[in-house]
Amino acid sequence: MAKAKILICDDEAEILRYLKKILEGEGYHVETYSSGTELISRLEGSGFADLLLQDMRLPDMDGLTIFNQTRRIRPDLPVVIMTAYGSIDTAVDAIKLGAYDYITKPFPKEKLLGILANIFERQQLKEENRKLKEDLQVKAPQLVFRSRQFREIYDFTLQVAASDSNILILGESGTGKELIASTIHNSSQRRGKTFYSINCAALTETLLESQLFGHVRGAFTGAFSTQKGILAESDGCTLFLDEVGDMSLAVQAKLLRVIQEGEFIPVGSTRPQSVDIRFVAATNRDLEQEMRSGRFREDFYYRLNVITINLPPLRERPDDIEPMALHFLERFSKRMKKQVTAISAAALEMLINYQWPGNARELENVMERAVILARTNEITVDTLPIWKKDGSQLANASGGSLSLEALEKEHIRAVYEANSQNKSKTAELLGISRKTLDRKIVEYGLGSR
Ligand SMILES: Nc1ncnc2c1ncn2[C@@H]1O[C@H](COP(=O)(O)OP(=O)(O)OP(=O)(O)O)[C@@H](O)[C@H]1O
Ligand SMILES: [Mg+2]
């Protein structure tokens with residue numbers, strides 16, 4: 001911790017001088033004030049302070065008034081009260097109101113130093129805890145949009161998130177279904193619990209049994225211990241069923257029971273276990289069509305689909321393209337330690353006119369590639385792919401589809417130039433050894449300007 005700044009308020013010049021001397025001797029910064037008025041006007045200013053050491057008896061203001069004013073102006077400033085022998089009552093009052101501690105005059109210097117050390121230690125712990133918590137919090141990815149359509153969807157999402165009913169999210173691939181699902185969880189009463197996600201397309205029937213339901217010891221050969229399944233883990237949480245349209249009929253039947261009854265039976269057990277799970281499901285398939293062709297159970301559909309959120313494709317909300325592109329730009333620019341901050345007018349026009357069959361995910365990829373290729377702080381047309389009118393992708397604007405090798409060359413060149421051809425820095429940023437960099441520079445002919 002940097003040297004703490006301590007304010008002292010006392011009307012006796014002798015005491016101020018004495019305290020200043022010992023505290024400065026301990027490495028603290030000290031400011032002294034001889035009246036309540038002076039102190040209050042200092043606190044009302046913008047200067048920082050770590051602690052206030054305040055006498056209870058001052059000629060111009062009563063100590064409790066000063067204390068209350070301080071609390072109002074700087075609610076977080078720790079205050080230690082100094083009292084003369086015999087006036088402990090007011091000190092006790094101040095403690096009740098939230099002063100950290102008090103000390104009775106006259107006191108040995110060790111006693112004061114002990115109190116201060118204690119306070120600063122506690123402050124530091126508090127600060128460390130706060131930082132730790134901040135680091136632990138998984139930062140939910142940010143939803144970015146500008147269009148009126150998406151604003152309505154977002155408002156609706158927040159509204160239904162609070163309801164705790166099951167939700168089905170529909171939309172083309174890459175429209176942000178998973179992001180909406182996690183937004184639902186983070187805006188619901190379950191936000192303090194875990195957001196579990198399973199990919200239903202990957203769930204075969206055999207995997208399902210063990211993964212979802214868990215099993216008890218001895219349920220089958222090799223089941224040496226009881227294994228908790230995803231359903232048991234998800235109790236009280238949100239369970240996201242991604243690609244629910246790809247779930248097999250048998251799995252649908254088994255999950256239907258869980259949703260209907262709120263309970264399931266672990267493999268090898270006879271005792272049903274009850275669970276409280278909020279289901280959020282998503283698919284890019286047309287479930288009505290799937291039901292008609294018998295690939296999706298109707299009863300399961302109606303259980304999941306209490307509320308539907310339809311995510312429109314990106315091409316139907318072109319107003320979202322610019323803010324999203326800039327959002328991805330910032331992210332990749334930071335990740336690649338480049339200073340690409342803008343998109344040229346022509347490049348932006350291309351982005352807006354494109355059909356985006358892969359939606360937000362495709363835009364994300366295009367921006368990542370553009371940041372790699374950018375040689376200035378602006379995304380220009382030649383860093384974008386060339387697109388045909390029908391939305392399909394042609395070759396790269398800078399001539400031919402870029403091979404992985406060409407991309408590597410471009411990236412090394414960009415980082416190398418951005419760092420004024422400083423090799424150690426470039427190697428460090430690229431995460432390769434200096435030797436490897438030297439070899440690549442020769443190989444790609446990047447050596448001389
Ligand atoms: N509105 C948005 N703002 C910021 N990022 C977004 C937005 N929509 C989507 N993304 C990002 O685009 C990518 C694709 O989104 P997501 O995975 O949620 O789509 P999806 O609909 O689940 O796709 P798929 O059907 O392919 O599984 C993710 O990296 C996501 O963070
Ligand atoms: Mg998805």
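These are my notebook entries on a predicted model of one protein chain with a ligand.

**Overall build**

I started with the secondary structure and found 18 helices and 16 strands in the protein chain. Next I checked how spread out the chain is. Its radius of gyration is 32 Å, well over the 22 Å that the globule rule gives for 449 residues, so the chain is more spread out than a compact globule. The C-alpha trace spans about 90 × 75 × 50 Å along its principal axes. I also looked up burial: 27% of the 449 residues count as buried. As for contacts between residues at least 6 apart in sequence, 67% of them join residues at least 24 apart.

**Domains**

The domain assignment gives me domain 1 (5-136), domain 2 (148-312) and domain 3 (316-443). I took the centres of domain 1 and domain 2 over C-alpha atoms, and 56 Å separate them.

I then picked a pair of residues, Q124 and Q273. They are 149 residues apart along the chain, and their C-alpha atoms are separated by 45 Å. Q124 is found in helix α5 (residues 109-136). Is Q124 buried or exposed? It is exposed, because 12 other C-beta atoms lie within 10 Å and the exposed class takes 12 or fewer.

**Around ligand 1**

Which residues are closest to ligand 1? I noted V144, G176, K177, E178 and A360, out of 18 residues that surround the ligand. I sorted this shell by type and got seven nonpolar, seven polar and four charged residues. Three helices each supply at least two residues of the shell: α7 (177-186), α13 (321-335) and α15 (359-373). Where does the ligand sit relative to the domains? Domain 2 and domain 3 both give residues to the shell, so ligand 1 lies between them.

**Helix α7**

I stayed with α7 and listed its buried residues: K177, I180, A181, T183, I184 and H185. K177 is also one of the residues closest to ligand 1. The cover over the buried residues of α7 includes the helix α6 (148-161). It also includes the strands β6 (167-171), β7 (195-199), β8 (238-242), β11 and β12 (307-311).

**Nonpolar cores**

The largest nonpolar core has 36 residues. Those with the most contacts inside it are I169, A181, L241, V244, F279, V280 and A281. Strand β11 (residues 278-283) gives the largest share of this core, four residues. Another core, of 27 residues, lies apart from the largest one, and L329, I343, A370 and L384 are among its residues. As a reminder to myself, nonpolar side chains tend to be buried together in soluble globular proteins.

Most residues other than glycine have a negative phi, and most peptide bonds are trans, so I looked for exceptions.

- The peptide bond from K105 to P106 is cis, with omega near -5°. P106 is found in the loop between β5 (101-105) and α5.
- K337 is not a glycine, yet has a positive phi of about 50°. I found K337 in the loop between α13 and β13 (342-343). K337 counts as partly exposed, with 13 C-beta neighbours inside 10 Å.
- W356 also has a positive phi, near 50°. W356 is in the loop between α14 (345-353) and α15. With 23 C-beta neighbours inside 10 Å, W356 counts as buried.

Definitions and conventions
Residues numbered from 1 in each chain as written. Chains lettered and ligands numbered in written order. Predicted model: local features only at pLDDT ≥ 70, side-chain atom pairs only at ≥ 80, totals over all residues. Rg over C-alpha atoms; globule rule 2.2 N^0.38 Å. Buried ≥ 20, exposed ≤ 12 C-beta atoms within 10 Å, placed from the backbone. Contact = placed C-beta atoms within 7 Å. Near = placed C-beta within 6 Å. Nonpolar A, V, L, I, M, F, W, Y, C, P; charged D, E, K, R; others polar. Domains from an automatic or database assignment. Core = buried A, V, L, I, M, F, W, Y, C linked by C-beta atoms within 7 Å.
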